[in-house]
Structures are given as C-alpha cells and as structure tokens.
Amino acid sequence: MNNFRKVFTYDKSINWFPGHMAKGLRLISEKLKNVQVIVEFEPIVQHKDRLIVYNKSDLAHPDTEAVITKAFKEYKNQDVVFTNATEDLNVRGIIKYLASKARPTWTASGEEFATTVMVVGMPNVGKSSLINSLRRIGVRRGKAAPTGAIPGITRTVAGTIKVLDSPKVYLIDTPGVMIPHIADPVAAIKVALTGAISDHLSDEEVIVDYLLYRLNQEQDFGYVQMYNLQEPTDDVREFLPQVAKYIGALKKGGEYNLPLAAQFLLKQYRQGKLGRHTLDNLSPEFLEQFLTRSEDDDLVNQSRRQQKKAKKVEERRVRRFQQAQKQQRNASGEQQRRV
Ligand SMILES: Nc1nc2c(ncn2[C@@H]2O[C@H](COP(=O)(O)OP(=O)(O)OP(=O)(O)O)[C@@H](O)[C@H]2O)c(=O)[nH]1
Ligand SMILES: [Mg+2]
C-alpha cells in the first residue's frame, strides 16, 4: 500500500491556558531581575544571556542535531545544547557554561560568586528533569524538582535549587508555559503528540491519526510487525482496533477499548518505542524564517500586555458595579423619602 495521505487535515483549535500557566508567566516576569542566565527551550524571554537546550534528544531523529546546530549558528550565532536529562547526557557542559557566568553577589553570609539561572520552556519538555540532572552531576545530590510524564507537573516558581558549590550556581524551576492559542490546528496536534498539551483537550484518536500519518510519511513501518498488522494502513479506524486487540484492551461487552489503545500508543511514542522522530519542519527555508523572525513579542511581553488589559477590564467592572450600587442606593433613598 502506498497511497498514503499527502496532507493531514484538521481544523479544530485547541485552547489551553490553565491558571497556573498565567501565574507562571507573571512570576517569571517578576523574578527576571534577579536572574543572570536563562536556560530556555524556546524564545520565551528576551534580552538575557540565554542558553538554548533541546532536551529529549534521545527521542529526536538523529539528523536533527546537526541541522539545528548549523541553523542557530548561522542565523543567531547562538550555541545550542542537545541533552538527555534522564541519562545526564551533555549536562556537564551546561554546568561549565553557567559557572562561567558567576559574578560577585552579597548574601547574608557575605560575598559569594554565584549565578542564578531560570529554566523556562513548554510543558513536559524536561525542565525539572534537567535541573535534577544538573544537580546529580554538579553536587551529587538527589532529585529536588518534581517531574512526571504529563504536562503541568511544576505548578509555580518556587525557590532556587543549587547545582554547583563553587562558584555557586542556583537554578529556578518554572511551570511550562506556551501561547494560549495555537493558530494552526495541525501545529497544535503536533504539540499534543509530544505531550505538551493535556491529551483530553484534543481528541486522542486524532493525535494517533496524526502519528499514523507521520509514520507513513516517513515510511517507518515498524508498527506493522509490532502490533501484528497484515500491512501498513493509513486509516486510524483500522489501526486502533488492531492495537486494542494486540494489547487486549477490551470493554465490558467485549468491544475494543479504542481510547485505551490510543493512550497506549501515545505513551509508546513518547517513550521512543516507535522510533526517533522530529515533528518540526527542518527544511532550510523554514528554519531561516523561524530563526530570523522578530522576537519583539515574546511570551513574557504578551503576558504583561494581557495582564494590563485584564487589570483595566477589572477596574472598569468594579467602577460599573460601584456606580450601579450607588444608583440603587439613590433610588431606594428616593423611594423611602416618597413613602
Ligand atoms: N526520553 C526522555 N525522557 C525525558 C527526558 N527528560 C525528561 N524526560 C521525561 O519527560 C517527562 C517530563 O519531564 P519533566 O522534567 O517533569 O518536564 P517539565 O518540563 O518540568 O514539565 P512541566 O513541569 O509540566 O512543565 C518525565 O516523564 C521525564 O522522565 C529525556 O531527555 N529523554
Ligand atoms: Mg517541571
């Protein structure tokens, strides 16, 4: 079979901006003044010394690293680090870089050389895992930041976590943040497939359909043997029952449990069991456009603007409420006088 879909069509938009994310952006913006370096997973904050990290490199297509490194060098003159936080891969270099940024600061116990670093990025990319990894390597200490396989594990911007003693390097973990509305529905599905958006917000079957589309596009047919299929398929309604059958996902009446099969597949994909894939467009044209676009409007700026607007709306609401109360009081006073 080789008449696979050439494009994936989907037009439902996903909105996900939970309260902790809005608060996270506000706190990131407030605490920025105390930070020397930003370790970031995408442009969220500008005008700071920044180190760009591509984590979960074990899950990405092996060609990704060379292509991204070259493009960042060419268009941004910026180094990029590829890490695997679960295996402490390439984290030593990050510690060295952060240590090189240390400067004298005054603390309760006198002067010390220190760097304070904020780690920012989308949900579930491995920010907290990277902090734990840096800590394992830098001070040989155990896990300090909670981690988990679903987005939204880190809920707030808490205190600093020490990852090096001399000079002192402190890290600040932050909740995953992203734009409230991704305009392109297929882009949102990609983000959901990586696990950055809660699965239930989009349809799990649609995410699996996109996964199937990508596997076929890349001619990565390992799934055929893996789940006992006869041949590749481009139809998720054919694929999911096969997977349900293979894993024995049945409902009470004996029907296939398709949502369970979908969840199973997403988990497999996110653990790299379906191969190493990069969903981003890595064409030279796209990378040039992406890396030369204006960064004037980063997420923190957007969030500041949104907060200002929300404050005005709230002030207007309170004014209207007070006016209405006053009018009511006047009216009832009038009535009483008449009585
Ligand atoms: N394969 C792989 N998994 C990773 C890597 N780094 C982290 N993970 C896993 O990815 C999941 C998310 O990790 P977290 O560190 O909680 O991610 P986060 O960015 O802090 O997420 P939020 O706090 O929700 O924004 C966890 O299940 C980690 O074990 C990596 O380099 N490779
Ligand atoms: Mg976290």
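Okay, let's start at P167, which is found in the loop between β6 (160-164) and β7 (168-172). For those labels, helices are DSSP runs of H or I with at least four residues, strands are runs of E with at least two, and both are numbered from the N terminus. What kind of peptide bond joins S166 and P167? A cis one, with omega at about -5°. In general, most peptide bonds are trans, and most residues other than glycine have a negative phi.

Quick word on what we're looking at: this is a predicted model, where local features need pLDDT of at least 70, side-chain atom pairs count only at pLDDT 80 or more, and totals for chains, interfaces and linings use all residues. Residues are numbered from 1 along each chain as its sequence is written, chains are lettered from A and ligands numbered from 1 in the order in which they are written, and side-chain values use heavy atoms, with hydrogens and water left out.

Now the overall picture. The protein chain has 11 helices and seven strands. Its C-alpha atoms fill a box of roughly 85 × 70 × 40 Å along the principal axes. Of the 339 residues, 44% are buried. Buried here is under 20% relative accessible area, exposed is over 50%, and partly exposed is in between, using a 1.4 Å probe and protein chains only.

Back to the backbone. D88 has a phi near 55°, and you'll find D88 in the loop between β3 (80-82) and α3 (91-100). D88 is partly exposed, at 23% relative accessible area. Then there's R140, with phi near 50°. R140 lies in the loop between α4 (127-139) and β6, and R140 is exposed at 75%.

On to charges. Side chains of opposite charge can pair when their charged atoms come close. How many salt bridges does the structure hold? There are 12, each being a side-chain nitrogen of Lys or Arg within 4 Å of a carboxyl oxygen of Asp or Glu.

Take E40 and R50, where the closest N and O atoms are 2.4 Å apart. E40 sits in strand β1 (residues 37-40) and R50 in strand β2 (residues 49-54), so their bridge ties together parts 10 residues apart in sequence. Is E40 buried or exposed? Buried, with a relative accessible area of 0%, and R50 counts as buried at 13%.

D199 and R270 also meet in a salt bridge, at 2.8 Å from N to O. D199 is in the loop between α5 (185-194) and α6 (204-217), while R270 is in helix α9 (residues 258-270), so that bridge ties together parts 71 residues apart in sequence. D199 is buried at 18%.

Then D165 and K162 form a bridge at 2.7 Å, N to O. D165 is partly exposed at 40%, and K162 is partly exposed at 25%. There's also a network of salt bridges linking R5, D209 and D234.

Last stop, the surface. K308, K312, R316, R319 and R320 gather in a patch of positive charge. Patch residues have over 30% relative accessible area and no salt bridge, with like charges joined within 9 Å (for nonpolar side chains, Val, Leu, Ile, Met, Phe, Trp and Tyr, the limit is 5 Å). K308 is placed in helix α11 (residues 299-338), and K308 is exposed at 65%.

That's my tour.

Note on methods
Accessible areas come from the Shrake-Rupley method with a 1.4 Å probe; for residues, only the protein chains shown count as cover. Lys and Arg count as positive and Asp and Glu as negative; His and the chain ends are not counted. The place of a charge is taken as NZ of Lys, CZ of Arg, CG of Asp or CD of Glu.
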